[in-house]
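Trainee: I would like to learn how to read a sheet and a ligand site. Can we go through one together?

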Amino acid sequence: MNQEVTSSSDDVRADAGVRMDALAPKSQDGAASAATVRAIPDDAMVIVPVRNVVLFPGMVVPLVVDRERSRAAVQEAVRQQRMVGILLQTNREVEQPGPDDLHWVGTTANVLRYVTATDGAHHVICQGAQRFRVLQFLEGYPMTVARVQLIEESAQTSPEIEGRAHSLKERALEILRLLPQVPEELIVALQGVDGPARLADFIAGVIDVSVEEKQALLEMFDLRNRLDKLLELLTHRIEVLKVSREIDARTRESIDDRNREHLLREQLRTIQKELGEGDDTVAEIAELDKAIAEAKMPEEVEKQARKELKRLERMPEGAGEYSMVRTYLDWLIELPWAADATTEIDIADARRILDEDHYGLEKIKKRILEYLAVRKLNPSGKSPILCFVGPPGVGKTSLGQSIAKATGRKFARVSLGGVHDEAEIRGHRRTYIGSLPGNIIQSLRKVATRNCVMMLDEVDKLGAGGFHGDPASALLEVLDPEQNSTFRDNYLGVPFDLSGVMFICTANVLDTIPGPLRDRMEIIQLPGYTAQEKLQIARRYLVPRQLAATGLRAEQCEIGDDALAAIIDDYTREAGVRNLEREIGKVFRSVAVRIAEGRSERVQVGAGDLHGILGARIFESEVAMRTAVPGVATGLAWTPVGGDILFVEAARMPGTGKLILTGQLGEVMKESAQAALSLVKARAAELNIAPEAIEKSDIHVHVPAGATPKDGPSAGVAMFVALASLLTGRAVRTDVAMTGEISLRGLVLPIGGVKEKVLAALRAGIKTVMLPERNRRDLEDIPPDAREQLQFVWIERVDQALAAAL
Ligand SMILES: Nc1ncnc2c1ncn2[C@@H]1O[C@H](COP(=O)(O)OP(=O)(O)OP(=O)(O)O)[C@@H](O)[C@H]1O
Ligand SMILES: [Mg+2]
């Protein structure tokens with residue numbers, strides 16, 4: 001045997017920059033290992049484990065020797081002029097293979113060259129000599145050493161063997177003819193091989209089969225069996241090559257260049273099918289098939305899924321549509337079709353969880369518990385949909401999360417703010433490129449259960465319906481218990497049962513929620529907190545949470561009530577507690593820096609320290625400044641973010657009795673300004689106002705924060721008071737705020753949003769609040785501590801307002 005067949009992967013000799021050290025290994029290495037190696041018995045050999053080559057007798061292969069023990073083995077062999085034994089690892093991943101990680105049959109080999117490349121990698125080129133079988137692995141060497149038994153190849157031949165060898169050579173030559181671009185040398189080499197055993201090993205060495213199959217061939221000691229096996233492999237190979245040629249010819253006729261890639265894939269798949277090999281697509285289809293069976297889909301959906309799977313199967317993998325269908329199937333498979341076993345709602349537990357997570361809100365918690373109790377007693381009944389309405393940061397979302405916790409459900413959230421296209425809720429049809437299901441289905445896939453609590457945030461910010469269909473009506477369908485068990489997402493095209501979802505909506509304001517939607521919901525108002533309530537929330541929830549977030553221990557940082565109160569009054573002005581929490585976080589972070597730097601071990605934060613940490617107070621009592629001159633009155637307004645104070649400013653200039661109104665006032669507000677002026681005129685005599693003061697001047701009424709539109713009748717009293725103050729020259733008391741609608745007869749009519757307005761007054765440092773007499777019944781909504789801090793003046797007629805304000 002004198003041919004050299006090198007595995008095509010890494011031909012060492014072709015490497016530029018390879019230093020060839022002939023047979024001798026580097027001397028230091030050699031000396032070092034020689035000193036320590038015990039004598040190796042004569043019937044044993046040093047073993048080089050390999051990961052992906054099977055060496056057959058006669059074959060020449062380059063091996064990379066990248067492991068310390070292998071290097072030692074090769075060097076020892078070179079030094080003692082012995083052969084090495086090459087064994088294939090059963091498990092490629094193992095770095096230091098032990099007896100269990102190696103095949104026990106291998107090939108002895110002569111090391112022809114030992115090469116150290118310039119990059120330090122070691123290569124050997126070795127030639128296989130003879131099969132051997134491991135009898136026993138020996139321990140105590142710095143390399144793998146095994147006692148072995150050499151396997152002699154029987155020299156006997158028979159007609160049966162000769163005949164097989166002959167056909168084997170014929171077939172091998174046939175394959176070489178079928179393959180494109182076969183090197184001439186290979187054909188010459190094949191023809192030159194003599195002896196059936198050598199031929200078998202030669203072919204086994206070059207045939208394109210897996211290493212495992214090659215190892216099996218190596219382990220077939222019986223030559224006749226080995227020849228048969230090889231014949232079978234070659235015959236199969238020829239079939240495949242022929243089929244592939246045929247397909248090639250056939251497809252080439254029908255398909256032009258543009259579809260070349262398709263064609264190649266098609267070919268690949270056909271070949272793989274022909275081979276019965278684990279074609280990726282076949283495996284993928286099988287996987288999908290299994291997944292569909294396991295997805296617990298309703299019958300109609302499963303039918304649809306199977307139909308699509310069939311389509312997928314027939315589609316070339318490269319087709320653009322392939323991935324679309326694939327994505328669609330993934331959606332169908334991953335949606336939570338089946339209902340979970342829902343746990344019973346434990347009302348006592350639910351109460352505990354609600355109390356644990358939220359301070360106060362007694363009425364609201366009570367309502368939530370009622371709602372849960374009804375659901376518990378009548379799970380299939382049509383419970384209303386809760387809708388939490390209130391300013392930002394008052395706990396709407398976190399109540400929703402608590403409800404989920406209390407009912408043992410997962411929590412999903414869908415934001416509807418700015419949604420103006422029905423498709424965002426209900427999905428796009430699949431005919432759209434890049435279409436996807438709507439956000440309801442998307443969030444269900446995310447939580448992976450259809451028995452979840454789903455919070456629909458900002459229903460009040462739902463865009464108006466237009467050209468793209470009305471999102472509100474899509475939402476109605478989602479929420480309607482009559483319809484939502486067969487909710488149809490445009491993308492899915494099959495019904496999905498939403499009846500197990502517990503929907504909760506949130507909104508900042510009530511009046512922009514589309515009417516039909518509002519009718520379906522049970523509105524629960526969260527008006528905002530008083531300073532006292534905020535202090536409690538901060539103490540019990542926000543401070544511990546922010547401490548934990550900054551990694552501080554409670555004893556390292558103490559924040560006083562005075563500091564919290566100052567943050568509430570001077571640094572935040574809000575109905576909820578979100579900014580409060582943020583500011584507390586800022587304080588703790590600055591403390592954390594001091595502690596982390598080792599400047600102090602324990603920090604106490606009082607109101608006086610806030611200036612240094614949070615900067616100057618953001619909210620000063622503007623009321624006192626603003627109302628120091630006649631003509632300014634403090635009104636109270638209701639806004640989506642809670643209540644707020646507002647100033648009505650009136651000024652007089654020489655003119656002809658015109659009324660000028662500015663500050664983006666709405667129609668209703670303008671009218672109440674006119675009514676207020678008329679009322680003042682009518683009382684000119686009583687108020688000692690000279691008639692020419694009115695006739696010879698223009699009056700300008702302005703409501704600052706001019707950029708925000710304002711409307712509503714509730715500033716009537718404040719307008720009246722501002723005008724009266726202007727014309728009488730008497731300033732309004734700085735600590736009085738007022739609200740109420742006026743009639744031309746001087747009556748004060750009731751208004752809405754009392755709680756929000758009163759809380760806003762309190763925040764602004766007002767001491768006295770004037771409210772319409774007919775709002776007296778709203779007093780009970782106002783938290784007791786707010787009631788205590790304020791003085792209320794109930795007015796029926798505008799004249800009473802003047803008495804209290806001027
Ligand atoms: N009563 C309360 N007790 C304890 N923590 C509260 C309370 N109210 C609100 N919080 C906390 O305030 C933070 C803000 O609340 P949340 O996010 O629920 O506000 P929201 O009403 O959903 O506001 P938005 O309208 O901006 O979405 C949360 O961390 C919440 O836990
Ligand atoms: Mg929220």
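Trainee: Which residue in β10 is the bridge partner of Val414?

Mentor: First, the terms. Strands (E, at least two residues) and helices (H or I, at least four) are DSSP runs, numbered from the N terminus. Two strands pair if DSSP finds at least two bridges between them. Here, Val414 has Leu456 as its bridge partner in β10. In total, 5 bridges join β9 to β10 (residues 453-457), and the two run parallel. This is a predicted model: local features need pLDDT of at least 70, side-chain atom pairs need 80 or more, and totals for chains, interfaces and linings use all residues. Residues are numbered from 1 along each chain as written, chains are lettered from A and ligands numbered from 1 in written order, and side-chain values use heavy atoms, without hydrogens and water.

Trainee: In what order do the strands of the open sheet come?

Mentor: The order is β9-β10-β13-β8-β14, with parallel pairing.

Trainee: Now the ligand. Which polar atoms lie by an oxygen atom of ligand 1?

Mentor: Look for polar contacts, pairs of N or O atoms within 3.5 Å; within protein, one must be able to donate a hydrogen and the other to accept it, and residues adjacent in sequence count only if both atoms are side-chain atoms. A backbone N or O atom of Ser398 is 2.8 Å from an oxygen atom of ligand 1. For Asn508, a polar side-chain atom lies 3.4 Å from a ligand oxygen atom.

Trainee: Which helices each supply at least two residues of the shell?

Mentor: They are α14, α19 (531-550) and α21 (578-596).
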